[in-house]
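Subject: Structure handover

Hello,

Please find the structure below. My notes on it follow.

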Amino acid sequence: MSRLGLILTLAAKDWWLFWADRRAAALCFLVPIILASAFGMIFHRPSSDVAITRLPILLVAESGDPFTTQVVAELLACERLEVRTTTRADAEAAVAKCSPAVAIVLGTDFEQVRNWQPGQPLVRPEVIILHHATASAERHLAEGIFTEVVMKKLARERFGSVPGVTEAGLTSPFQVVSATNSVTANTQFNSYSHSFCGMTLQYLLFWGMESGLVFLRERQRGVWVRMRASPVPLSCVLTAKGLATAWIALLQVLVTFGFGYLAFGVTVTGSLIGFVLLVLAVCGLAAATGLLVAAIGGTEARARSVSILVILGISMVGGLWVPTFLLPNWVRDIALSLPTAWAMQGLGGVTWEGRSLRTVLPSVLAVTGFALAFLTVAVWRLKLSEHHFRQGNL
Amino acid sequence: MPLPVILSLSNIRVRYGTRVAVDGLSLDVRRGEIVGLLGPNGSGKSTTLAVAAGVLDPIEGTATVAGVSRATDPAGFARRIGLVPQVCGLYDELTATENLAFFGRLYGLTGHDLRQRIVRVLSRVGLANRATQRVNTFSGGMKQRLNLAVALIHDPPVLLLDEPTASLDPASRDALFVDLTRLREEGHAILLSTHHLDEAELGCDRVAILDRGQLVACGKPAELLRGPLTDHHALYGTLRVRPPKYLERAIRQRLASHADFEITGRRLRLSAETAEGLGRALAALLAEGVELETYRTPTGTLERALREPN
């Protein structure tokens, strides 16, 4: 039988072994779909033409003077805040329970704000913003909106008496135009695209690990001795193992993305060729990961524990769980040394960012490079251990 | 006229680190012959079989099958060998047919020829009616029979079996030896390892006794049994029920001064320095409620050779 025939026979065996436990095989496809759907839902944000989410805050006004009362009224009317007035004690108790997370306290001397004159010294009254320890972002948002409301109020009071100036004319001196910065027009962040790319990648790595563990198990069983006694070179065994792993990984990608397309509209808005190349590269990465696990894993239990830790780590840092723009800069810098980050960047680029082949080519090359590096180390180690095996150094 | 030598091991030397596992072993196995490798654990039986199967490279010496060595023609060498590993070399998740088809294809068998061979070997080992069932539903004896069938799928002239009866009950063991005898009659050369004297004595044409990697005796079991009687007396038996561990310990303590015994599954080996000692030991065992199903008392040098090779 030719080498190709042997490789296909060995790969087909792995294919049948994969399908032998149909429930386990089905879970290989279902789990990433379920997780991707859940992550997509969690990170889903309405697009810009939909009403914004209002920030709930508590407002404590310790003075009943007219200026403070008017500011309270304007805050209550603010469309970006969901304001509820209360006492200081209640506000402190509520914020401590993070319900809501922010409270603004206007002190008894808050009215002095209206005496503010540009360039004139002023004893500035304190505005206390109480916030829960976990609500740093909400606290900044509340402060910004509050400042805007108060400054608008002051501007109206200062310039309202100027002849010819109406309240309607007191608009902002600039206008904000919101636009997403992407290669193609009208691109919106699609949390489902991100989550389906991320979870597919993560589970391809897990599948690679599982394939490596099966290989380790096989080597500890009588089948390995029998296989090594047969006229099959080790290179055929390793090629077939890689081929079968990549083959099943490709099927996982097709099923997962197929579901994403049908259920959540996950599409390839960029280069289709780029997408295909990336998918082939990540399938190769899964296969190389499998061989690497088999090569350096040691025992099955040890290989499983270490692999899970590594895969979860590089998934998290590589932005497979949450988009990298939510991660700190130092994490993003570390991620550049990981195949997951490059793969994610490429897949995100061709799915929701609409990038061209030229712009995702670095990702394709990086992922392929990682796969080749893993493969080289794995084959070297496996050949070395085969040599030791043949020499009796088990 | 003796049949031609088909498997030849010449001056084989294998080392595991600093320990010499096989030391200058030479052994020929002829067509239509069953040779048993006999020796205690660690004597080099499995290592010898691994070299014969081509999965282990000796640091010295050569293994040839029908004149073909692994070094010159690895594929040709492998095609002439059928290996039955001690731990079943089967995929539990696949059916008997799928296992046979997979291993058959590794030996270049395809299509109608492969299908015919699968049917033939399955019926030969009595598993034709289990062809489409997964191996994980098989008993230990059935797995061992399928293990043998896989080794036969490419019809090799040489069969190597590594402790094939290790996990078998007496009935399965007898069935296996019936199969092996039939294969011998068909002209296969069979080399098997065992540490059971009765198997070597009853099932093998020749016995090669290994100790610490060296071949210390080789000949027909009868020749070895015809050796001078010694001061050593032994009894081999099959127990009706294996005694519980605590009872085994108690008996061992009672017999410690004048006899030695070993229980493997339901097999019993009892030995003593004198006939009187053996009788006392047997009486002590029976007094503890241990029931013997069968027993026999060989009194030759085979046991002596195994225990005291030098």
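What percentage of the 394 residues of chain A count as buried? The share is 39%, where buried is defined as having 20 or more other C-beta atoms, placed from the backbone, within 10 Å of the residue's own.

Some conventions before the rest. This is a predicted model, in which local features need pLDDT of at least 70 and side-chain atom pairs count only at pLDDT 80 or more, while totals for chains, interfaces and linings use all residues. Residues are numbered from 1 along each chain as its sequence is written, and chains are lettered from A and ligands numbered from 1 in the order in which they are written.

Chain A overall

Chain A contains 13 helices and 4 strands; these are DSSP runs numbered from the N terminus, with helices being H or I of at least four residues and strands E of at least two. Its radius of gyration, 30 Å, is well over the 21 Å that the globule rule gives for 394 residues, so chain A is more spread out than a compact globule. That radius is taken over C-alpha atoms, and the rule is 2.2 Å times the number of residues to the power 0.38. The C-alpha trace of chain A spans about 100 × 45 × 40 Å along its principal axes.

An open sheet of 4 strands in chain A has the order E2-E1-E3-E4, with mixed pairing; strands pair if DSSP finds at least two bridges between them. E2 (81–85) and E4 (127–131) of chain A are at the edges with a single partner strand each, so one side of each has no neighbour in the sheet. Strand E1 (residues 55–61) of chain A runs parallel to E2(A) and is joined to it by 5 bridges. Within this pair, Leu58(A) is opposite Arg84(A) of E2(A).

The contact between the chains

Chain B gives 31 residues to the contact and chain A gives 22 residues, with contact meaning C-beta atoms, placed from the backbone, within 7 Å. On the side of chain B that touches chain A, the largest share, 5 residues, comes from H3(B).

Regards

Terms used: Two residues are in contact if their C-beta atoms, placed from the backbone, lie within 7 Å. A residue is buried if 20 or more other C-beta atoms lie within 10 Å of its own, exposed if 12 or fewer, and partly exposed in between; C-beta atoms are placed from the backbone.
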